[in-house]
Amino acid sequence: MSYDHMLDTILSGEIPCTGFSHADHMGTAHAALRRWEFFEAAHHYADGIRASATAAGAPEKFNATLTLAFLSLVAERMGDEDSETFVNENADLTMEALKRAGYDATRLAHPKARTIGLLPQSA
């Protein structure tokens, strides 16, 4: 399944909480950022991820801070490549990359992190 098709599935609120890998998150984030400008992509993507998590009975899996942080990292690195190429060339965009950007486990677990995009904390 293409990342564009996966994105459409997310937007319909039907992506399963299991079997959706980190690479799938990166690819669909890239697809959203190719489709819309940053803030519009963030709005649609976050709504879709939140709806999918809720439909799967796991609304607590949605984290606004995590979603916004990864969208920002993807947007910063994007060129004009397709989503599959982007995922293959940016395998280092992991939780470790978020830690280096100022998002440690405590920051991501903060109660407000689930509902608003918290900014990173400097060391």
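Is Glu60 buried, partly exposed or exposed? Glu60 is partly exposed, because its relative accessible area is 46% (buried means under 20% relative accessible area, exposed over 50%, partly exposed in between, with a 1.4 Å probe and protein chains only). The place of Glu60 is in the loop between helix 3 and helix 4 (helices are DSSP runs of H or I with at least four residues, numbered from the N terminus). Between Glu60 and Arg114 lie 54 residues in sequence, but 7.6 Å in space, C-alpha to C-alpha.

The model is predicted: local features need pLDDT of at least 70, side-chain atom pairs count only at pLDDT 80 or more, and totals for chains, interfaces and linings use all residues. Residues are numbered from 1 along each chain as its sequence is written, and side-chain values use heavy atoms, with hydrogens and water left out.

**Packing of helix 1**

Two packed helices are described by the angle between their axes and the distance between the axes. Helix 1 (residues 3-11) and helix 2 (residues 22-35) have axes that come within 8 Å and cross at roughly 90° (axes are lines fitted to C-alpha atoms over the stretch in contact, and angles run from 0 to 180 degrees between N-to-C directions). Helix 1 and helix 2 are therefore roughly perpendicular to each other (under 35 degrees counts as roughly parallel, over 145 as roughly antiparallel, 65 to 115 as roughly perpendicular and the rest as oblique). On the helix 1 side the contact (heavy atoms within 4.5 Å) is made by Tyr3, Asp4, Met6, Leu7, Asp8, Ile10 and Leu11, and on the helix 2 side by Ala23, Asp24, Gly27, Thr28, Ala31, Ala32 and Arg35.

The axes of helix 1 and helix 3 come within 7 Å and cross at roughly 65°, which makes helix 1 roughly perpendicular to helix 3. Here Leu7, Ile10 and Leu11 of helix 1 meet His44, Tyr45, Gly48, Ile49 and Ser52 of helix 3.

The table gives the two contacts by residue class (Ala, Val, Leu, Ile, Met, Phe, Trp, Tyr, Cys and Pro count as nonpolar, Asp, Glu, Lys and Arg as charged, and the others, Gly among them, as polar).

| Helix 1 with helix 3 | five residues | three residues | no residues |

Thr9 also lies in helix 1 and counts as buried, at 17% relative accessibility.

**The nonpolar core**

The largest nonpolar core has 31 residues, of which Tyr45, Val74, Leu93 and Leu98 touch the most other members (such a core is a set of buried Ala, Val, Leu, Ile, Met, Phe, Trp, Tyr and Cys residues joined through side-chain atoms within 4.5 Å). Two or more residues each come from helix 1, helix 2, helix 3 (38-55), helix 4 (64-77), helix 5 (83-89) and helix 6 (95-100). Helix 4 gives the most, with six residues. Leaving aside neighbours within four places in sequence, the contacts of Tyr45 include Leu7, His25, Ala32, Thr67 and Leu71.

The structure holds one aromatic pair (ring centres of Phe, Tyr and Trp, the last by its six-membered ring, within 6.5 Å; planes under 30 degrees apart are stacked, over 60 edge-to-face and the rest tilted). The rings of Phe38 and Phe39 have centres 5.3 Å apart and planes at 85°, so the pair is edge-to-face. Phe38 counts as partly exposed at 22% relative accessibility, whereas Phe39 counts as exposed at 64%.

Leu68, found in helix 4, is partly exposed at 32% relative accessibility. Beyond its neighbours within four places in sequence, Leu68 is in contact with Phe38 and Gly117.
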